[in-house]
Amino acid sequence: MSAVIENHHDEHDHGPAKGITRWLYTTNHKDIGTLYLWFSFAMFLIGGAMAMVIRAELFQPGMQIVEPEFYNQMITLHGLIMIFGGVMPAFVGLANWLVPMMIGAPDMALPRMNNLSFWILPFAFFILLSSLFMEGGAPNFGWTFYAPLSTTYAPPSVTFFIFSVHIMGASSIMGAINVVVTIMNMRAPGVTLMKMPLFVWSWLITAYLLIAVMPVLAGAVTMMLMDIHFGTSFFNAAGGGDPVLFQHIFWFFGHPEVYIMILPAFGIVSHIIETFSRKQLFGYSSMVWAMLSIAILSFVVWAHHMFTVGLPLAAEIFFMWATMLIAVPTGVKVFNWVATMFRGSLTFETPMLFAVAFVVLFTIGGLSGLMLAIVPADFQYHDTYFVVAHFHYVLVPGAIFSIMAAVYYWIPKWSGNMYDERLGKLHFWLSFVGVNVTFFPQHFIGLAGMPRRYPDYALIFADWNMVSSVGAFLFGFSQLLFLFIVIKTVMGGKKATDQVWEGAKGLEWTVASPAPYHTFSTPPKID
Amino acid sequence: MSGGSYYVPDQSRFPIFMALSLFLLVMGASSTINNLDDPASNSVYILYFGFACLFLTMFFWFRQVIKEHLAGLDSNQLKQSYVYGMAWFIFSEVMFFAAFFGALFYVRALAVPWLAGEGSKGAAITAIELWPAFESSWPVMTTPDQGNEFDLAKKSMAWPGWSKALQWLPMWNTIVLLSSSWTVHLAHLGLKKGNRRKFNVYLGITVFLALIFVGLQALEYYEAYAHYGLKLNSGIYGSTFFMLTGFHGFHVMMGGFMLAIMLARSVFAGHFEQHDHFGFEAASWYWHFVDVVWLMLFIFVYIL
């Protein structure tokens, strides 16, 4: 056929291309994983800078630094950027790096589409961030973009927001399809489903959730677009629609989305705790079943975000009990992590510190979630800082700590160099203290009744807000140390061995450090 | 999970060009929509340009994939990746339609009756006496504000009764689309038996039926706007009707376009073998999916 194609095929085993085109045109899962991880780090810093603006404004009561309109844009973009630009791409980056190596595959199943999934993201976030400079400012309706705030009362930039969500969704769906197909079709002979590493399992379930709910989000923003510009009345009661319909559709997407951001963390933490306990993971199959149960339940709990909106009583009771049911499989997982550590030969390198902190602090976030699930109690907590404290506990020391743990755990495999253990531990303790000082006081001010999403507050909340802001600055600036550690490790350092960690198990530890550009071009033998 | 080497393509320019095209497309679309009232706006050309780039990138990308396939680079394992990939893509499309069907069910079963004061929630809503004259029905031909902000329709698209069933366009649309699902299946059977002529003829008929369907749908929209006064801004019935049938119609066009490409590949390039024709199979799956969505529409939007 064509000589061009055959030539390409012959070059196939060579290393990476030179220059910028390596990154622009790449089809290599390791390159694309790296791109995703750096992109998410950049978004983490941008979204973090916005959080710093928010906490600076809240340092004292009264209007201090920014206008209320700009404050609203900051909370909206902070949420959107951290979720869609920070946490999700970081997990996709980890999936890209690790899933093919863990199952003994030569690459992702559809390598060119993999590159497309990544390169949509910088464009999508360019559009979202450029809305800051548009007439009327950036989206200002909160990351949940409830109608009619996001329809009737939205700034003109909402149209750009809608289309940027559309292409982000397309990126997520393609990325998720790639992961599912890779896991279903590319496992080396002998890697049966119940022998798959838990990170792979967690991503199989996450990808399924993504494919199921990202299209629903696309539907929600499409209805918004039509309501705003083309006269439909999906979310307009005057025309026979219902603004509450928006909340139903949004949270049908939004609740599985929450688990999309935590299931891969469960996988990561299981690996790290197993390694540094130097024992076999306790209850592998119950871990799998717990994740499956959580994923299935995630489709029938969405209305617990809407208890105060005026749901029929039967719906409130159903969603309350369904939500509480999720505590059971989650409890199984926490039990298994603790049981794995029980009588293990524990050491506390940086990844293990982050993983243990994850177990403790994520559980705090889970328990406050259980409190929020109780309908009568939620009437008091709803839209207060208690909710803010709850979801930041599951997302920051939950999802983000697991991502940092994963970076410390696998970066010797990626770069071939050990990170600086002393600096890593320093980073951990600064983050650990910072995150708790930031978010724990928010439980108190929330229970005392401080509403979320306001740039000003009553004087009685002043002390704890100041404490929270100090913690936020500590946590925020500590992340520059993380950036420094990562760059230092990539540039050089003590050479890592192939196995890296004494207790590490799995296929990715059998290849050289740094991992060669192409691994497992022919499938390995697994018994 | 066969052993041996899986074809991992080398560097490719297509993905980043496609991302760039999408960027142009959505920037153009957003600015065009934001400037609909401004006749001097040129944003629509960005939209056209983005669309043209997307189309060209997809053309060359698919051409490359077909070339690689003909060069024998695809192992069975890679073909299996395409099979799974297409299946999951169709699942994502199902969920997209689920959002709109969910909206339809919600307004029919809950929102509209509540607005008219039914049940304890409805009593709470009518207690504020915002729209006391509104009564619940489906298809709902008025709006709670009695057409203040909206153009009320005179007539709905609902089932006209057995006596007029044959003058009712959706009935013909159903017949056309169901037949096309059957003809695409016959084409597939022909191909599996190695009968190229049967494949081409039935695939040609399918594409023709797809065109008929789109034509009838256009006629129906014309009738709705010109004679029934039923528009996108006729309240929630018009909203759900046009969004559900509109997205379905758009998917019919995409599916018909895919099948037309497959027909062209078969007629002009002699592509597809008896046991090796996933390109066609993927398009035909998509076609059956579009057909099932229509059946749901026929039942829940038109009949019930």
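How many residue pairs are in polar contact between domain 1 of chain A and domain 2 of chain A? The count is 17 residue pairs, with both partners at pLDDT 80 or more. That pLDDT condition applies because this is a predicted model.

Domain 1 covers residues 22–260. Domain 2 covers residues 262–513. Their centres, taken over C-alpha atoms, are separated by 19 Å. Domain 1 of chain A brings 60 residues to the contact, and domain 2 of chain A brings 63.

The size of an interface is often given as the accessible area lost when the parts come together. For domain 1 and domain 2 of chain A, the buried area is about 5500 Å². Carbon and sulfur atoms hold 78% of that area. Three residues stand out on the domain 1 side: R55(A), L198(A) and Y259(A). They supply 14% of the area that domain 1 of chain A buries against domain 2, more than any other three residues.

Which kinds of pairing join the domains? Salt bridges between domain 1 and domain 2 of chain A number 0. Polar contacts, as said above, number 17 residue pairs. On the domain 1 side, the elements giving two or more residues are α3 (29–57), α4 (68–103), α7 and α8 of chain A. The largest share comes from α4(A), with 14 residues. By class, this side of domain 1 has 45 nonpolar, 12 polar and 3 charged residues.

Now turn to chain B. Chain A gives 76 residues to its contact with chain B, and chain B gives 71. Together the two chains bury about 6600 Å². Of this area, 74% is on carbon and sulfur atoms. There are 15 residue pairs in polar contact across the interface of chain A and chain B, both partners being at pLDDT 80 or more.

Several helices build the chain A side. Those that give two or more residues are α1 (3–10), α2 (21–24), α5 (111–130), α6 (158–185), α7 (198–229) and α8 (243–260) of chain A. Here α7(A) gives the largest share, 12 residues. The side of chain A that touches chain B has 48 nonpolar, 22 polar and 6 charged residues.

How many salt bridges cross between chain A and chain B? The rule finds 1. Its partners are E68(B) and R112(A), with the closest N and O atoms 2.8 Å apart. Over all chains, the count of salt bridges comes to 8. E68(B) lies in helix α2 (residues 43–70) of chain B and R112(A) in helix α5 of chain A, so this pair joins two chains. E68(B) counts as buried because its relative accessibility is 2%, under the 20% limit. R112(A) also counts as buried, at 8% relative accessibility.

In chain A, the side chains of R452(A) and D383(A) meet at 3.5 Å, N to O. R452(A) lies in the loop between α16 (421–447) and α17 (462–491) of chain A. D383(A) lies in the loop between α14 (375–381) and α15 (385–415) of chain A. The pair therefore ties together parts that are 69 residues apart in sequence. R452(A) is buried, with a relative accessible area of 14%, whereas D383(A) is partly exposed at 37% relative accessibility.

In chain B, the side chains of D151(B) and K231(B) form a salt bridge at 3.7 Å, N to O. D151(B) is in the loop between α4 (119–126) and α5 (169–192) of chain B. K231(B) is in the loop between α6 (196–228) and α7 (236–269) of chain B. Their pairing therefore links parts 80 residues apart in sequence. D151(B) is partly exposed, at 34% relative accessibility. K231(B) is partly exposed too, at 25%.

Last, look at one residue, N336(A). Its place is in helix α12 (residues 327–341) of chain A. Is N336(A) buried or exposed? At 3% relative accessibility, N336(A) counts as buried. Leaving aside residues up to four places away in sequence, N336(A) touches F282(A), G283(A), S286(A) and M287(A). A polar atom of the N336(A) side chain lies 3.4 Å from the backbone oxygen of G283(A).

Note on methods:
Residues are numbered from 1 along each chain as its sequence is written. Chains are lettered from A and ligands numbered from 1 in the order in which they are written. This is a predicted model: local features need pLDDT of at least 70, side-chain atom pairs count only at pLDDT 80 or more; totals for chains, interfaces and linings use all residues. Side-chain values use heavy atoms; hydrogens and water are left out. Contact means heavy atoms within 4.5 Å. Buried area is the accessible area (1.4 Å probe) that two parts lose on being put together, summed over both. A salt bridge is a side-chain nitrogen of Lys or Arg within 4 Å of a carboxyl oxygen of Asp or Glu. A polar contact is a pair of N or O atoms within 3.5 Å; within protein, one must be able to donate a hydrogen and the other to accept it, and residues adjacent in sequence count only if both atoms are side-chain atoms. Helices (H or I, at least four residues) and strands (E, at least two) are DSSP runs, numbered from the N terminus. Ala, Val, Leu, Ile, Met, Phe, Trp, Tyr, Cys and Pro count as nonpolar, Asp, Glu, Lys and Arg as charged, and the others, Gly among them, as polar. Buried means under 20% relative accessible area, exposed over 50%, partly exposed in between (1.4 Å probe, protein chains only). Domain bounds come from an automatic or database domain assignment.
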